[in-house]
Amino acid sequence: ASQVEERRRRRTACVLEGQWTQLHQRQSTDAKRTRPRMVGRSPALLLIPVESLKKKIEKIQELLPDADVQSILNKQPTILNLDVEAFLPSQISMLEEILPGVDMIKLVERRPPLLYLNVKDNVAHNIDALCQIMPDGVDINAMILSQPSLLWMDVGGTVNGKLERLKGICTQEQFEVMSQKPASLARAILSSHKAIDRLVYLKSTMNVEEFEKFSPLTYLVMSRERFSNDYPSFETWQRRKDHKLR
């Protein structure tokens, strides 16, 4: 039985190898880059007939004419498991409807999972939630284009919690300046709580004038190594803080 299974496994491997070779020849000339990404992330696509894959790829390119479809599929090859012909046109239309003015090509290239998320309910709900919690005048579309993951995060809980925390730490002027740049605000509220701790630490060690002068985002996005080198006592401070909260 084991010999039969081994022969079957080898035959299957040969079929899959041939399937990949055909797909690869149609899709890309860079085997070293494309193959491990697509196969590793979605081995099941090799079981789809090559002609069907070709039609799906062509349809995606038709729906997103200026997009780098190769890059999109490298990031999210599971898109090819969808019924592209029936599903994607309405999905893209809904995205365009709830995100008017957003460059859909750039958005999808950055976050391909948007092509199969529940747009009607989840994405629309997150947009409404962002409009409610963000300061007046903030360009929500620009925030989303900068950080598309806001469309599927827990906006009412996680995102709002970080936003309120930043409001409490930053001066009013610092927060207003950050709010004037949607990409900066989006990046700030997606910082980890560990990174936001840096602002608490700096506020506790600097005098008021010194703290008011710096840009919070600079320290939020700074690498851990650099921040630790510049402020060697921070990690000890953070461990003590975390210990007190237990």
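Trainee: Where does Arg110 sit?
Mentor: Arg110 is in helix H6, residues 104-110. Helices here are DSSP runs of H or I with at least four residues, strands are E runs of at least two, and both are numbered from the N terminus.

Trainee: What should I know about the model itself?
Mentor: This is a predicted model, where local features need pLDDT of at least 70, side-chain atom pairs count only at pLDDT 80 or more, and totals for chains, interfaces and linings use all residues. Residues are numbered from 1 along each chain as its sequence is written, and side-chain values use heavy atoms, with hydrogens and water left out.

Trainee: Back to Arg110. Buried, exposed or in between?
Mentor: Arg110 is partly exposed, at 38% relative accessible area. Buried means under 20%, exposed means over 50%, and partly exposed is in between, with a 1.4 Å probe and protein chains only.

Trainee: New topic. Where is Leu64, and is it buried or exposed?
Mentor: Leu64 is in the loop between helix H3 (50-63) and helix H4 (69-75). Leu64 is buried, with a relative accessible area of 2%.

Trainee: What does Leu64 touch?
Mentor: Leaving out residues up to four places away in sequence, Leu64 touches Ile72, Ile92, Ile105, Val108 and Leu115. A contact means heavy atoms within 4.5 Å.

Trainee: And Gln91? Buried or exposed?
Mentor: Gln91 is buried, at 1% relative accessibility. Its place is in helix H5, residues 84-98. Not counting residues up to four places away in sequence, Gln91 touches Leu114, Leu115, Tyr116, Leu117 and Val119.

Trainee: How many salt bridges are there?
Mentor: The whole structure has 10 salt bridges. Each needs a side-chain nitrogen of Lys or Arg within 4 Å of a carboxyl oxygen of Asp or Glu.

Trainee: Which residue pairs with Lys59?
Mentor: Lys59 meets Glu85 in a salt bridge, 3.6 Å from N to O. Lys59 lies in helix H3 and Glu85 in helix H5, so the pair ties together parts 26 residues apart in sequence. Lys59 is buried at 13% relative accessible area, whereas Glu85 is exposed at 55%.

Trainee: What about Lys194?
Mentor: Lys194 forms a salt bridge with Asp242, with their closest N and O atoms 2.7 Å apart. Lys194 is in helix H12 (residues 193-205) and Asp242 in helix H16 (residues 234-245), so this pair ties together parts 48 residues apart in sequence.

Trainee: What is the N to O distance for Lys241 and Asp242?
Mentor: It is 3.5 Å for that salt bridge. Shared partners join Arg165, Lys194, Asp197, Lys241 and Asp242 into one network of salt bridges.

Trainee: Zoom out. How many helices and strands?
Mentor: The protein has 16 helices and 0 strands. Buried residues make up 41% of its 246 residues. Of the contacts between residues at least 6 apart in sequence, 73% join residues at least 24 apart.
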